[in-house]
Amino acid sequence: MFNRTFKLTTLAIATSLLAACGGGGSSSSTPAAPTINGLAVDGPLAGATVTFTECNNATTTTKSDGTFTFPQGCTSSPVTITGGIDTATDLPFTGEIKAPKRTSNEQNTIVVSPITTLIQASIAAGATPEQATQQIATALNLTGKDLLSIDPMKDQEVYAKTVAVQQMVEQIQTVVASLGGSTTQADLNTVAFSALQAALSTAPASENTLTSTATITAAISATVEAVKEDLPAETAANLANVQTNLAALSAEVIATNVQSVETAIQNVPAATFSQGTESIKTVTQTAVVEAKESIAAEKIVTALAPVLTQAPAQVEESLKAISTAVANPEAPTSGTAITNAITQIETVVPAGTITPTVTDAVQNANSFYTDYLELNGFSVQGTSQPITALNASLINPIQVPSLNNLLVGITSQGTYATTANPIAAAAALHISTGTKTLTISANKLNLNFSAGTLTAATIPAGTEIKVDSTINSLKTTFTVNAEQNVLSNGKIALNTTTLGSLSASLATQLNSFSLKGDTVTVTAVIKATPVIAINNGNPAVAPKYTLGTTDGFGLSAKFKVTQ
């Protein structure tokens with residue numbers, strides 16, 4: 001239902017863009033159209049792709065401060081922004097934010113943020129732009145502010161709500177994804193924004209509607225309803241129970257997480273806030289990053305998923321008690337409350353539903369996983385590029401002679417350190433210059449580890465390889481006839497060289513995909529049952545990306561190809 005292909009849209013050359021958007025053919029007597037500037041903010045988003053969705057999907061890229069300029073002729077187009085890096089946290093931005101179309105004579109800066117995305121969702125639900133803006137401003141206690149033009153980095157109240165809204169959407173995505181459905185992250189993002197907008201539009205006025213458990217419960221319920229056709233059969237068959245119980249289990253954890261972000265920003269001294277992004281980041285980065293990387297809600301939902309189909313009358317109060325305890329791990333009674341709640345649940349669910357492993361996972365919900373795979377970065381032309389370098393490259397691309405020898409590093413931790421049987425995965429690689437793209441995906445990839453080191457990476461016989469590209473001659477789908485080794489120097493070779501070895505007929509055609517002189521965005525995704533992490537000193541769940549039909553954990557970077 002929701003599986004759709006996610007691509008970075010291509011950037012047309014200037015003359016085509018002007019023609020497509022109505023910018024060509026003007027006479028010298030025609031006054032020049034006003035220059036309209038934009039600003040992309042979760043924190044300021046640098047190196048993000050801006051798509052003008054009603055202007056032939058023309059694109060541009062945000063600058064280091066999150067600003068961009070609308071192409072002439074595209075100034076009335078709605079805007080969608082993806083990718084880049086949040087300069088207030090130094091984390092990749094993997095969501096999608098939008099801003100509605102504006103009248104062509106407006107010359108204010110057009111802000112694109114999680115708040116304007118809520119406004120766009122309200123417009124999509126039938127409100128006028130004026131009604132939508134007023135509705136969201138009222139719900140967020142921001143009345144009297146022009147939310148479509150105000151720079152959040154210059155208004156502390158607006159910035160606090162901006163980051164809180166994005167955190168709320170990310171948390172809703174996480175808990176609904178933990179139900180095990182097939183909805184992609186890209187589509188969950190859209191659904192979660194719409195669900196949150198609907199919940200806010202009907203919520204009674206309160207001091208902080210955004211973090212009330214009633215708002216969160218309504219948003220979770222609406223998100224689950226929207227993706228019900230993608231859920232596992234047993235979950236879908238007990239949908240009402242799951243909606244109620246999922247909210248009971250996660251609402252308090254989410255509320256606390258979102259509130260911590262909002263409070264951290266609200267508590268910045270006014271003098272510090274007025275000094276700009278770097279000063280704000282110094283004070284808030286730790287709290288915001290901790291919230292964004294929190295795995296507590298995901299862990300308890302995954303652990304207690306078999307309980308969610310039960311009648312709420314039997315388990316809802318116990319699930320709420322667990323949520324409250326996990327949200328307050330420092331409280332002296334938290335451990336006891338979790339034990340008592342799980343004991344109560346055990347009396348009403350089938351024997352074996354709650355195992356010692358489940359109890360352990362809930363008790364340690366605020367600690368990182370002990371068993372996981374870890375993405376270590378890219379290796380290009382024999383030079384390793386760690387996670388920190390990849391994140392930095394989203395603003396300042398790494399110069400490389402070519403991408404012909406691109407490898408993905410991965411290690412294993414805990415019970416996955418040594419594997420008798422291979423870990424089954426799927427993988428995809430996306431390469432985009434803006435004017436041309438190439439996506440390679442494999443629906444099967446077997447990984448073996450010994451003492452944490454990758455010792456085998458193979459594409460087994462019967463694997464479907466799909467190649468999609470803006471170059472028509474490269475588009476193809478084929479099945480691998482014999483097992484293919486893709487291990488190179490202890491890393492996974494997910495690159496055009498591998499594809500050429502899988503299909504000799506494509507090898508020469510790939511030569512037409514020249515990258516010389518281009519700035520190239522490279523995203524690699526692994527989809528596997530183990531949790532996949534990255535490590536910048538402390539492990540954190542890797543960013544999630546959607547590439548074609550592969551929705552999983554990944555790495556993204558930008559390279560400037562010199563030869």
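A word on the model. It is predicted, so local features need pLDDT of at least 70, side-chain atom pairs count only at pLDDT 80 or more, and totals for chains, interfaces and linings use all residues. Residues are numbered from 1 along each chain as its sequence is written, and side-chain values use heavy atoms, with hydrogens and water left out.

Helices and strands here are DSSP runs numbered from the N terminus: helices are H or I with at least four residues, strands are E with at least two.

Start with the helices. Helix α8 spans residues 239-266, and helix α10 spans residues 277-292. Their axes lie 9 Å apart, at an angle of about 165 degrees. Axes are lines fitted to C-alpha atoms over the stretch in contact, and angles run from 0 to 180 degrees between N-to-C directions. α8 and α10 are therefore roughly antiparallel, a term for angles over 145 degrees.

Who touches whom? From α8 come Asn257, Ser260, Val261, Ala264 and Ile265. They meet Thr284, Ala287, Val288 and Ala291 in α10. Contact means heavy atoms within 4.5 Å. Of the residues in this contact, six are nonpolar, three polar and none charged.

Now the strands. Two strands pair if DSSP finds at least two bridges between them. β16 (residues 437-450) and β17 (residues 453-459) run antiparallel, joined by five bridges. Phe449 stands opposite Leu454 in β17. The two strands form a hairpin with two residues between them. In that turn, Ala451 has a positive phi of about 50 degrees.

β17 also pairs with β20 (residues 484-485), antiparallel, over two bridges. There, Ile459 stands opposite Gln484.

Technical notes
Parallel < 35°, antiparallel > 145°, perpendicular 65-115°, else oblique. Nonpolar A, V, L, I, M, F, W, Y, C, P; charged D, E, K, R; others polar.
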